[in-house]
Amino acid sequence: MARVYWKPSNLLNPVPAVLISCTDGEGNDNVMTAAWAGTVCSDPVMVSVSIRKSRHSHAMIMKTREFVMNLTSEEMVRAVDYAGIYSGAKVDKFDLPGQLHMTKERAHVVNAPCVAESPLCLECKVTQVLELGSHDMFIAEVVSTDVDERLLDENGTLDLSRAKLIAYSHGEYWTLGRKVGKFGFTSLKSEKENNLKEKKQPKDYKGRKKSRLHHK
């Protein structure tokens, strides 16, 4: 494979396109779009989001140490884009018409609002702020996971494909596309499921421990 070599670039793509909603605790709320966001810990459940100091939301989160990370869907893409290019210091982004409209919804634990149109909201409390350079990284513990009931199947199991989530990749918004596998699918013994012949392992081979999902 032939490669070209560039200077350091933010090309870790795709990344989630999330809406960060927050409050100043004095009746003023805001929502902004962020792509530099992700999971940082499983136990306790923690996420991070990196925000420039100049952003209107930065001061709010620094003051209250709370925010909500709202996942976004295909239907929300216009509102997601708008919330990322206009400042809440000049525009009330919870008072917009048509496809730009976003509805404030009371959160379950934190004082910051959720975005009602979001299929899944992560309520967060900040535990640490790292000054990195152009951005400050807010590391936060997830204190409540708020799931739209329409994402649950008849057995109450989360089917996140129903959310029609979007991602951000190199300046563009994309839907997720088709599933090409699932966690652990290469370790399945059935040749019908993975189309691979199981290789015989040495006697001292213990294999990988099975990973399980736990819901509190």
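Predicted model: local features only at pLDDT ≥ 70, side-chain atom pairs only at ≥ 80, totals over all residues.
1. One of its members, leucine 160, is placed in the loop between strand 10 (136–147) and strand 11 (166–169). Leucine 160 counts as partly exposed because its relative accessible area is 35%, a value that falls between the limits of 20% for buried and 50% for exposed.

2. For the overall setting, the protein chain contains three helices and 12 strands, and 34% of its 216 residues count as buried. The chain exposes about 15,500 Å², of which carbon and sulfur atoms supply 51%. Among contacts between residues at least 6 apart in sequence, 58% join residues at least 24 apart.

3. The largest nonpolar core has 24 residues, and those with the most contacts inside it are Ile20, Val49, Ile61, Phe67 and Met69. At least two residues of this core come from each of strand 2, strand 3, strand 5 (46–51), helix 1 (56–64), strand 6 (66–70), strand 9 (120–131) and strand 10, with strand 9 giving the most, namely four residues.

4. Valine 49 deserves a separate entry. Leaving aside neighbours within four places in sequence, valine 49 is in contact with Ile20, Ala34, Trp36, Ala37, Phe67, Met69, Asp136, Met137 and Phe138; among these partners, Ile20, Phe67 and Met69 are also listed with Val49 among the core residues that have the most contacts inside the largest core.

5. In helix 2 (residues 77–85), the buried residues are Ala79, Val80, Tyr82 and Ala83. Viewed down the axis of helix 2, these buried residues fall within an arc of 165°, and therefore they line one face of the helix. They pack against strand 2 (18–23), strand 3 (29–34), strand 11 and strand 12 (172–175), whereas the face turned away from the buried side carries the exposed residues Arg78 and Ile85.

6. Valine 109 sits in the loop between strand 7 (104–105) and strand 8 (114–115), and it counts as partly exposed because its relative accessibility is 40%. When residues up to four places away in sequence are not counted, valine 109 touches Glu123, Lys125, Val143 and Ser144. With glutamate 123, the separation is 14 residues in sequence and 7.1 Å in space, taken from C-alpha to C-alpha.

Note on methods
Residues numbered from 1 in each chain as written. Heavy atoms only, no water. Buried < 20%, exposed > 50% of the residue type's maximum accessible area, 1.4 Å probe, protein only. Contact = heavy atoms within 4.5 Å. Arc of directions from axis to C-beta. Areas by Shrake-Rupley, 256 points an atom, 1.4 Å probe, with all protein chains shown as cover. Core = buried A, V, L, I, M, F, W, Y, C linked by side-chain atoms within 4.5 Å.
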